[in-house]
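Biologist: I have this one open in the viewer. Can you walk me through the fold in plain words?

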Amino acid sequence: SLALRTLLVGFLLAGSRACGLVGPDPWVPKMARVEVNGTFPNTLELITSTRFTRVTDGEGNTETFFDTSDTVFIAPGSHYQQQYPIRPDRGFLARLTNPDSTEAVVTFKVWMGGELAFNREDALLQEEPLEFRRIYF
């Protein structure tokens, strides 16, 4: 019937709209802001990306592959703050890494569209990065 087809098309459009297939999702922020500060005697590495893929193997191990990314090196004792544009059909990832064996004490914050989405104050050890990611469909 026509009513049933209309209802079905409405559900399909609503579902595809929620996934961002029909147009940009109005709830996806346009900007992310990353802030890093703390006490660290060595240079830290910050990787940001809006084009990445996360793959999980059969044992539950997850790995991230970057299509494109930016890397910033944060000098010891400095305060880093930067804004990044976000596209509605992609996500945002920020990974803070300590490449040195000396412990770094950091505060790592990410705001999405003006709202604090991630706030960690922690000891950053080599091989144990802090990571924020948000994926939009």
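Modeller: Let's begin with contacts, meaning heavy atoms within 4.5 Å. In the protein chain, 68% of the contacts with a separation of 6 or more are between residues 24 or more positions apart.

Biologist: And what kind of model is this?

Modeller: It is a predicted model: local features need pLDDT of at least 70, side-chain atom pairs count only at pLDDT 80 or more, and totals for chains, interfaces and linings use all residues. Residues are numbered from 1 along each chain as its sequence is written, and side-chain values use heavy atoms, with hydrogens and water left out.

Biologist: Which strands form the open sheet?

Modeller: Four of them, in the order E4-E1-E6-E7, with antiparallel pairing. Strands pair if DSSP finds at least two bridges between them. E4 and E7 are the edge strands, so called because each pairs on one side only.

Biologist: How many bridges join E1 to E6?

Modeller: Eight, and the two strands run antiparallel. One example: Val36 has Phe108 in E6 as its bridge partner.

Biologist: New topic. What share of the residues is buried?

Modeller: Of the 137 residues in the protein chain, 31% are buried. Buried means under 20% relative accessible area, exposed over 50%, and partly exposed in between (1.4 Å probe, protein chains only).

Biologist: How many residues are in the largest nonpolar core?

Modeller: It has 24 residues. A nonpolar core is a set of buried Ala, Val, Leu, Ile, Met, Phe, Trp, Tyr and Cys residues joined through side-chain atoms within 4.5 Å. Among those with the most contacts inside this core are Val34, Leu96 and Phe108. Strand E6 gives the largest share of the core, five residues.

Biologist: What does Leu96 touch?



Modeller: Leaving aside neighbours within four places in sequence, Leu96 is in contact with residues including Val36, Leu44, Ile74, Phe108 and Leu130.

Biologist: Then Val55: buried or partly exposed?

Modeller: Val55 counts as partly exposed because its relative accessibility is 40%. Val55 sits in strand E2.

Biologist: Which residues does Val55 contact?

Modeller: Beyond its neighbours within four places in sequence, Val55 contacts Asn61, Thr62, Glu63 and Phe65. Val55 and Phe65 are 10 residues apart in sequence, and their C-alpha atoms are 7.9 Å apart.

Conventions. Helix = DSSP H or I, 4+ residues; strand = E, 2+ residues; numbered from the N terminus.
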